[in-house]
Structures are given as structure tokens and as C-alpha cells.
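Colleague: Before I rely on the labels attached to this model, I would like to hear how each one was reached. Could we go through them together?

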Amino acid sequence: MQRWHLEVRSRDRSDDSLGASVNADLAWLELAHLGPVQSARLYLFEGELDGAAAHRLAESLFVDAITQEFTSEPWTPTPHADARCVTITKKPGVMDPPVDSIRRGAERLGHTLHHIRTGTLFRFGGLPRSGELERTALR
């Protein structure tokens with residue numbers, strides 16, 4: 001079984017309303033130097049898929065080829081050990097409604113997926129200064 005990490009984002013960076021919202025919040029918090037922020041939908045799953053099959057599955061099930069682009073890579077416990085990335089997923093045991101639809105769609109395409117999770121990935125353009133996030137959290 002191979003684990004996969006799939007990121008889906010808008011082709012038009014100006015169409016990233018979630019990233020724009022975080023950028024506005026950063027400006028309000030006087031942390032604008034951490035931007036620009038870009039967001040992506042995140043899908044994590046496991047299955048009997050090689051790279052080509054994961055790519056085809058992404059194109060068929062997760063991505064609108066006209067408005068979105070994606071990257072897929074093998075999933076490791078810390079796919080982005082980069083301090084500029086924040087990944088948000090639901091806690092284990094919390095209902096994740098898209099999971100059942102993803103599982104059924106993959107089965108219709110001939111793939112059985114396991115351990116499916118969805119989330120959001122934020123990429124920050126800048127790095128926080130020492131102690132900055134802690135001070136902001138205490139405001």
C-alpha cells in the first residue's frame with residue numbers, strides 16, 4: 001500500500017479567497033510580513049496506487065482541470081517539514097463528510113482507498129521572528 005499526499009489549488013492565484021482572508025488577518029495582526037499566504041485543499045489517502053494511477057485518480061476525482069491544478073507525491077508523516085507550511089485536518093474520530101464520497105468515487109474508478117483524510121494547507125511567504133507568534137497568541 002502506498003500513501004499519497006495531494007494538493008489542489010486554483011490556477012489563478014488571485015482566485016484564492018481563503019489565502020486572501022488569511023492575508024487580511026495577518027495585516028490586522030501586524031504580521032503582514034508572513035505573507036503572502038496561499039491555500040490548497042489537501043487530500044491524504046492510502047491505496048494500491050503507483051504514481052501514474054494516483055495522478056489519473058486526482059484528475060478524475062479531485063480536480064477541475066480548467067480552474068485548478070494539483071501536485072501529488074508519496075505521503076510521509078511530515079510531508080512539509082517547512083516552517084512556512086501549516087496543515088489543518090480534522091481530528092481522528094471527527095466526521096469528515098467528503099471521505100465517503102471520495103471512497104465511492106475511487107471505487108467506481110476501480111481503486112480501493114484507505115485512511116482518507118481531507119484538510120487545508122497554508123503556505124506562508126515569510127517566516128515569523130523569534131517569539132512573534134507567542135506574543136500574538138497572548139494578545
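Colleague: What makes strand 1 and strand 2 count as paired, and in which sense do they pair?

Modeller: Strands here are DSSP runs of E of at least two residues, and helices are runs of H or I of at least four, both numbered from the N terminus. Two strands pair if DSSP finds at least two bridges between them, and strand 1 and strand 2 are joined by seven bridges in the antiparallel sense, with Leu6 standing opposite Tyr43 in strand 2. Strand 2 is likewise joined to strand 5, by 10 antiparallel bridges, and there Glu46 has His114 in strand 5 as its bridge partner.

Colleague: On what basis does this rest, given that no experiment is involved?

Modeller: This is a predicted model, in which local features need pLDDT of at least 70 and side-chain atom pairs count only at pLDDT 80 or more, while totals for chains, interfaces and linings use all residues. Residues are numbered from 1 along each chain as its sequence is written, and side-chain values use heavy atoms, with hydrogens and water left out.

Colleague: Why is strand 2 called largely enclosed?

Modeller: Buried means under 20% relative accessible area, exposed means over 50%, and partly exposed lies in between, with a 1.4 Å probe and protein chains only. Nine of the 11 residues of strand 2 are buried, so strand 2 is largely enclosed by the rest of the structure.

Colleague: What makes a group of residues a nonpolar core, and which residues have the most contacts inside the largest one?

Modeller: The term covers a set of buried Ala, Val, Leu, Ile, Met, Phe, Trp, Tyr and Cys residues joined through side-chain atoms within 4.5 Å. The largest such core has 18 residues, and Leu6, Phe45, Phe62 and Leu113 have the most contacts inside it. Two or more residues each come from strand 1, strand 2, helix 2, helix 3 and strand 5, and helix 2 gives the largest share, five residues. Apart from this core lies another, of seven residues, among them Leu31, Leu34, Val37 and Phe122.

Colleague: How do you know that there is a cavity of 30 Å³ or more, and what lines the largest cavity?

Modeller: On a 1 Å grid over the protein atoms alone, a cavity is a set of points where a 1.4 Å probe fits but cannot get out, and its lining residues have an atom within 4 Å of a point. Points are joined across faces, edges and corners, and the volume is the space filled by probe spheres set on them. One cavity reaches 30 Å³ or more, and the largest has a volume of about 70 Å³. Its lining consists of Arg9, Ser10, Arg13, Asp16, Gln38, Ser39, Ala40, Leu121 and Arg123, with strand 2 supplying the largest share, three residues.

Technical notes. On a 1 Å grid over the protein atoms alone, a cavity is a set of points where a 1.4 Å probe fits but cannot get out, and a pocket is an open set with protein on both sides within 12 Å along at least five of seven lines; lining residues have an atom within 4 Å of a point.
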